[in-house]
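Here's a quick briefing to read with the sequence and the 3D view open side by side. Have a look at the picture first, then work through the points.

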Amino acid sequence: MANTSRKLLIKRIVIMLLCLVLFVGAFSGALYFYQNDGTQRSANHTFGDDKEPNRINVAVTMLGVDPIKSEINLRFAPSPEGTYAKDARLTKDLKFFTGIESGKAEVTLEKNRIPDTVTGSLSIASGRVSDYPFDVHKSDFYLFFTNPKDEKEDIPMSVDFYGAISGYNIDVDYIPKAEFESTDSYIGLRVTVSRSVITKSFAIFLMIAMWLIGLVIFTMTMIVVWQPRPIEFGMFTLIAGMLFALPAVRNLQPSVPPLGGLSDFLSFFWAESLVAVSMPILFFTWLTRYKKPS
C-alpha cells in the first residue's frame, strides 16, 4: 500500500514538473517571438549623403498610422549643417517641401532662426484594410529644399527616418528607380506598413477560437438531435449567450477594421452562422420530442 502511494506521488510530481517545463518553454517562446517582432516592426534608416559637411539634415519620425482612415502621420525636423548653419540657425532663407496633405506641404524657413518642425499626414496610396490581418499599405513622399533667391541652387540633404508603431511592421526605402530617381538634393521615400507577427498570430488565434466555439455548439446540437439525450434549458441560454459573445470575441482582434473584412469571411461569419442555426434546430427538436405524461 505504501509503495503504491509512493509511486502515485512520484507520478504526480513528474506530471507537475512536465507541466512546469512546458509552461516555461511556452513563456520563453512568447518572449522570443516578441523580441524578434520588436526588431522587425521599427525602421531606423539614413538616406542621402550624410557625409556631406554642408547640408540640411531632416529627422523624419512616424507618429502614427491608421489604415482605417488611410493615413500616416509624420513629423519633419530639419536642422542645418556646415555653411547652412550658424549656432543651429539658418544662414539663408529656404523653402522646405514635404508633400504632406493635412498640413503645410511648403514651409518657409527664415534666416537667422532655428527651423520649426513640420507635422502632417499622408494618404496611403495602396493597400486594403479589408485584407486584415494580412493587409499591406504603402505611401510615398518627397523631400527637397529650394533657395527663393536662387532656384537653381542644389541643396544637399540627408534624411534620418525613424518609425516604431506598436502592432505594425514599418519599413522605408527609396522609391524604385523605375518610378523615381532620388538625388542628394531631392529624395523620394516609400513607407510600407504591415501588421506585426504578434498581431497576425493573435488575430489568427481568435479566428480559430471562433471556429471552435461555433463547431462545439453545432456538434452539441446535432448530438442531441441524433441521440435520445435530454434537452436541458441551459443549452438554450448557452447558445443565446454565444450568439452575442462572438461579436465581442471578433472585436478583440487588435486594430480590427469594421465588419466585412477578410477575417470575418474566414471565421466570424461562419462561427456566427453555426451558432445561429443551432438555436432553431435545438428548439425544433425540443418541440417535436415532447410527450404527454401517461
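What follows covers the helices first, then a few spots in the loops and strands.

This is a predicted model, where local features need pLDDT of at least 70, side-chain atom pairs count only at pLDDT 80 or more, and totals for chains, interfaces and linings use all residues. Residues are numbered from 1 along each chain as its sequence is written, and side-chain values use heavy atoms, with hydrogens and water left out. Helices (H or I, at least four residues) and strands (E, at least two) are DSSP runs, numbered from the N terminus.

**Helix H2 on its own**

- H2 (residues 197–226) has 30 residues and spans 43 Å from first C-alpha to last, close to the 44 Å expected at 1.5 Å a residue; the expected span is 1.5 Å times one less than the number of residues.
- Its buried residues include Ala203, Met207, Met210, Gly214, Ile217 and Thr221, where buried means under 20% relative accessible area, exposed over 50% and partly exposed in between (1.4 Å probe, protein chains only).
- An α-helix has 3.6 residues a turn, so residues three or four places apart point the same way.
- Strand S12 (186–195), H3 and helix H4 (262–288) are among what covers the buried residues of H2.

**H2 against H3**

- The axes of H2 and H3 (residues 233–250) come within 11 Å and cross at roughly 165 degrees; axes are lines fitted to C-alpha atoms, for helices over the stretch in contact, with angles from 0 to 180 degrees between N-to-C directions.
- That makes H2 roughly antiparallel to H3 (angles over 145 degrees; under 35 is roughly parallel, 65 to 115 roughly perpendicular, and the rest oblique).
- The H2–H3 crossing is left-handed, meaning that the near helix is turned anticlockwise from the far one by less than a right angle; clockwise would be right-handed.
- On the H2 side the contact includes Leu206, Met210 and Ile217, and on the H3 side it includes Leu238, Met242 and Leu246; contact means heavy atoms within 4.5 Å.
- The residues of this H2–H3 contact split into 12 nonpolar, one polar and one charged (Ala, Val, Leu, Ile, Met, Phe, Trp, Tyr, Cys and Pro are nonpolar; Asp, Glu, Lys and Arg are charged; the others, Gly among them, are polar).

**H3 against H4**

- The axes of H3 and H4 come within 10 Å, crossing at roughly 165 degrees.
- That makes H3 roughly antiparallel to H4, and the crossing is left-handed.
- Residues of H3 in this contact include Phe236, Leu243 and Pro247, while those of H4 include Phe268, Val275 and Trp286.
- By class, the H3–H4 contact has 16 nonpolar, one polar and three charged residues.

- Most residues other than glycine have a negative phi, and most peptide bonds are trans.
- Ser70, in the loop between strands S2 (55–66) and S3 (71–81), has a positive phi near 60 degrees and is partly exposed at 26% relative accessible area.
- Asn112, in the loop between strands S7 (106–109) and S8, also has a positive phi, near 65 degrees.
- The Tyr132 to Pro133 peptide bond is cis, with omega near 0 degrees, and Pro133 sits in the loop between S8 (118–123) and S9 (136–146).

**Two buried spots**

- Ser121 is in S8 and counts as buried at 5% relative accessibility; its C-alpha is 9.7 Å from that of Ser70, 51 residues away along the chain.
- Gly167, in the loop between strands S10 (157–164) and S11 (168–174), is buried at 17% relative accessibility.
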